[in-house]
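Trainee: I am new to this protein. Please show me how to read a few of its features, one at a time.

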Amino acid sequence: MSPQIIQITDKEKWDSFVTSQPDHTFLHSWQWGEFNVRMGDKMWRFGVEENGELVSVILVILVEARRGRFLFIPHGPIFQSQISNLKSQNENSKFEILKTLTSELKKIAQQEKAYFIRVSPPMIATEENRQLFADLGFRPAPIHMHAETTWTLDLSPSEEELLKGMRKTTRNLIRRAEREGVEITIGASKEDIDHFYKLHKETVAKHDFIPFSREYIQCEVDAFSKNESVLLRPPTLQCYGRTTEGQAEVISAWYKGEPFGNAQGEPQASAVIIFYGNSAFYHHGASSLRYSNIPTAYAVQWAAIKEAKRRNKKLYNFWGITTSENPKHPWAGLTLFKKGFGGYQTDYLHAQDLPISWRYWPNWALESLRRIKRGL
């Protein structure tokens with residue numbers, strides 16, 4: 001029986017399938033779809049069934065960009081694990097499923113007058129996977145939309161073993177933060193997001209990149225965390241249990257040089273962490289130049305790692321890194337920072353585009369120019 005497209009309206013059915021597959025991120029969670037709706041985007045959730053069994057899901061977002069309309073699939077589609085391991089071009093394979101999904105996507109693109117379809121699949125960058133998309137008319141996108149080379153830490157070792165596995169400099173800076181009296185808060189309140197966003201604007205000014213809006217950060221955290229936050233003020237970097245916890249948390253580090261707990265007090269580093277499936281994801285980070293000699297950014301990551309272990313997560317995903325050896329690459333410093341905690345690299349297939357209209361090509365030219373200007 002050929003694959004059948006269905007719409008999925010049940011959150012539990014969706015998330016239980018996604019989180020049961022090894023290759024998934026929060027970008028294909030039910031909440032990520034809700035977040036995009038909050039931001040005013042149009043969104044669809046489809047599944048593919050074979051003989052009544054769900055074998056794949058796909059989250060589709062209609063992006064209304066200045067350069068044109070397009071359908072975007074963030075870190076999807078998600079395939080059933082045994083399907084992902086099959087070879088292409090045979091019945092009941094991921095190729096047949098992808099072919100069925102592509103046919104449905106083309107219909108939606110034509111109805112919505114989209115210029116093209118862009119897929120950022122969480123599939124390993126192999127020639128076989130590239131050929132899967134090429135056989136269906138896709139071509140490499142001029143830019144990436146989400147992390148394609150990621151850095152991930154296995155959380156199964158003890159905290160002491162994790163510290164031993166870090167770069168010596170990283171380990172020493174974490175311990176120095178503890179000696180300096182850096183304190184940690186974890187929460188998802190408006191105040192937590194306000195603190196993060198102020199640091200985000202400082203980071204944008206320092207590194208000259210396009211900022212997220214305050215609304216974007218707020219909506220993302222709200223979509224994943226609907227519980228009232230509880231701020232923690234432990235005397236060391238140890239994070240204690242919480243009475244409530246959501247899937248999105250703002251983890252911030254405060255230096256004792258600031259009047260901690262005072263209305264004028266502000267954190268020196270902060271991160272938005274998403275907890276989904278068996279992983280914790282470091283999605284946004286920001287830091288201040290004030291007290292730049294105090295390693296608060298290291299304290300934030302160590303606190304996030306420990307919180308992930310407390311929640312019994314198996315992996316801590318540091319998100320994107322660069323493979324470039326150029327020390328002047330925009331992500332060179334960030335990559336060095338992330339790798340210092342230990343872990344391993346995963347290379348996903350580059351974003352794939354399926355042109356629907358001739359209007360795709362001006363967009364292709366513009367995005368290609370932007371990539372060159374940014375040095376990526």
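Trainee: What covers the buried residues of α5?

Mentor: The cover includes α4 (94–111), β6 (116–120) and β15. Cover here rests on contact, meaning heavy atoms within 4.5 Å. Helices (H or I, at least four residues) and strands (E, at least two) are DSSP runs, numbered from the N terminus. Buried means under 20% relative accessible area, exposed over 50%, partly exposed in between (1.4 Å probe, protein chains only).

Trainee: What kind of model is this, and how are residues numbered?

Mentor: This is a predicted model: local features need pLDDT of at least 70, side-chain atom pairs count only at pLDDT 80 or more, and totals for chains, interfaces and linings use all residues. Residues are numbered from 1 along each chain as its sequence is written, and side-chain values use heavy atoms, with hydrogens and water left out.

Trainee: Which residues of α5 are buried?

Mentor: Start with the general idea. An α-helix has 3.6 residues a turn, so residues three or four places apart point the same way. Now the case: helix α5 spans residues 127–134, and N129, L132 and F133 are buried there. They share one side of α5, because they cover an arc of only 90° around the axis. That arc is taken from the directions from the helix axis to the C-beta atoms.

Trainee: How many residues of β6 are buried?

Mentor: Five of the five, so β6 is largely enclosed by the rest of the structure. In a regular strand the side chains alternate between the two faces of the sheet. In β6, F116, R118 and S120 are buried on one side, and I117 and V119 are buried on the other.

Trainee: Which strands are joined to β6 by bridges?

Mentor: Strands pair if DSSP finds at least two bridges between them. β4 and β6 run parallel, joined by five bridges. There, P74 has S120 of β6 as its bridge partner. β6 and β15 run antiparallel, with four bridges. On that side, F116 stands opposite P355 in β15.

Trainee: What should I look for in the backbone of the loops?

Mentor: Most residues other than glycine have a negative phi, and most peptide bonds are trans. Look at the loop between β4 and β5, where H75 sits. H75 is not a glycine, yet its phi is positive, about 50°. The loop between β4 (68–74) and β5 (78–79) also holds P77. The peptide bond from G76 to P77 is cis, with omega near 0°.

Trainee: Where else is there a positive phi?

Mentor: At N51, with phi near 55°. N51 lies in the loop between β2 (42–50) and β3 (53–65).

Trainee: Are H75 and N51 buried or exposed?

Mentor: H75 is buried, because its relative accessible area is 2%. N51 is exposed, at 62%.

Trainee: Which residues make the nonpolar surface patch?

Mentor: W358, W361 and W364, with about 370 Å². Patches use residues with over 30% relative accessible area and no salt bridge; like charges are joined within 9 Å, nonpolar side chains (Val, Leu, Ile, Met, Phe, Trp, Tyr) within 5 Å. A salt bridge is a side-chain nitrogen of Lys or Arg within 4 Å of a carboxyl oxygen of Asp or Glu. Areas come from the Shrake-Rupley method with a 1.4 Å probe; for residues, only the protein chains shown count as cover. W358 is in the loop between β15 (352–355) and α12 (360–374). W358 counts as exposed because its relative accessibility is 58%.

Trainee: How many helices and strands does the protein have?

Mentor: Twelve helices and 15 strands. Of the 376 residues, 53% are buried.
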